[in-house]
Amino acid sequence: MVRSSSGIVAGLTAAALAAIGFLAYQASADVPSGLGSSRAADSSKTEAAKAPRDRQHPTALPAASGTGRRVVYSVDDDRVWLVGAGDRVKRTFKVTPGTVDPAPAAYVVTSRSGKITGSDGVAVEHVVRFTNVSGVAIGFSAALNDTPSTPAPSKKLGGIRESREDGTAMWEFATIGTRVTVIK
């Protein structure tokens, strides 16, 4: 008995689509909660008011910046804290923000790139992205030439630039799924 080739192709196509559907379901079932979105699973928003600061220690971790292992980024102070277990600050450093700021909230690291060209045309490394604002990717990166640049206000840029040394520390600390708390 000879089968028509269109019947065989239809059967193979149906089997392939069923297998792809099953694998897609399995993959989505295994993704940690919050990883597929730019918001953390624990979506408790950080207060929009400026987090309290220690006036005698301006580089101290601000109160009300969350708990546990995380990256804390202050859009008002242009400062980052890498916070380890027990709320201990492992490193803090100044950054140069892009022209588009993320809203104060809790996020997670959603993607990373070793070396790319930034949207401003500068070669960057250790890119750690955690959200998008109106189609603009927001994340930390270090310019390969290690010179801070002031972004052109006419461009929509989400790169938060850090020194290469700080970029390496961020890269080692902020893997996929790491919490990022943005405060004022």
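**Start at an arginine**

Select Arg-91 to begin: at 26% relative accessibility, Arg-91 counts as partly exposed (buried means under 20% relative accessible area, exposed over 50%, partly exposed in between, with a 1.4 Å probe and protein chains only). Before going on, some housekeeping: this is a predicted model, where local features need pLDDT of at least 70, side-chain atom pairs count only at pLDDT 80 or more, and totals for chains, interfaces and linings use all residues. Residues are numbered from 1 along each chain as its sequence is written, and side-chain values use heavy atoms, with hydrogens and water left out.

Asp-166 and Arg-91 form a salt bridge, with the closest N and O atoms 2.9 Å apart (a salt bridge is a side-chain nitrogen of Lys or Arg within 4 Å of a carboxyl oxygen of Asp or Glu). Asp-166 lies in helix α2 (residues 164–173) and Arg-91 in strand β3, so the pair ties together parts that are 75 residues apart in sequence. Asp-166 is buried, at a relative accessible area of 12%. Pick Glu-165 too, and you have a network of salt bridges linking Arg-91, Glu-165 and Asp-166.

**Zoom out to the whole chain**

Switch to cartoon and colour by secondary structure. The chain has two helices and nine strands (these are DSSP runs, H or I of at least four residues for helices and E of at least two for strands, numbered from the N terminus). Follow the sequence and the pattern reads α-β-β-β-β-β-β-β-β-α-β.

The chain exposes about 10400 Å², and carbon and sulfur atoms supply 55% of that (accessible areas come from the Shrake-Rupley method with a 1.4 Å probe; for residues, only the protein chains shown count as cover). Of the 184 residues, 34% count as buried. Among contacts between residues at least 6 apart in sequence, 55% join residues at least 24 apart (contact means heavy atoms within 4.5 Å).

Select Asp-87 and Arg-70 for another of them: their closest N and O atoms are 2.8 Å apart. Asp-87 sits in the loop between β2 (79–83) and β3 (89–94) while Arg-70 is in strand β1 (residues 70–74), so the pair ties together parts 17 residues apart in sequence. Colour these two by accessibility: Arg-70 is buried, at 0%, whereas Asp-87 is partly exposed, at 33%.

Next, go to Arg-161 and Asp-120, whose side chains meet in a salt bridge at 3.1 Å, N to O. This pair links distant parts of the chain, 41 residues apart: Arg-161 in strand β8 (residues 159–162) and Asp-120 in the loop between β5 (111–117) and β6 (123–133). Arg-161 is buried, with a relative accessible area of 11%, and Asp-120 is partly exposed at 26%.

**Rings**

Show the aromatic side chains. A search of the whole structure finds three aromatic pairs (rings of Phe, Tyr and Trp, its six-membered ring, pair if their centres lie within 6.5 Å; planes under 30 degrees apart count as stacked, over 60 as edge-to-face and the rest as tilted). Select Tyr-73 and Phe-140: the ring centres are 5.7 Å apart and the planes at 85 degrees, so this pair is edge-to-face. Tyr-73 lies in strand β1 and Phe-140 in strand β7 (residues 136–143), so the pair ties together parts 67 residues apart in sequence. Tyr-73 counts as buried at 0% relative accessibility, and Phe-140 is buried at 1%.

What lies over the face of Trp-171? Arg-112 does, at 3.6 Å from the ring centre (a charge sits over a ring if NZ of Lys or CZ of Arg is within 6 Å of the ring centre and within 35 degrees of the ring normal). Arg-69 lies over the face of Phe-173, at 3.9 Å from the ring centre.

**Last stop: a threonine**

Select Thr-178, in the loop between α2 and β9 (179–183). Thr-178 counts as buried, at 5% relative accessibility. Not counting residues up to four places away in sequence, Thr-178 touches Arg-69, Val-71, Tyr-107, Val-108, Val-109 and Phe-173.
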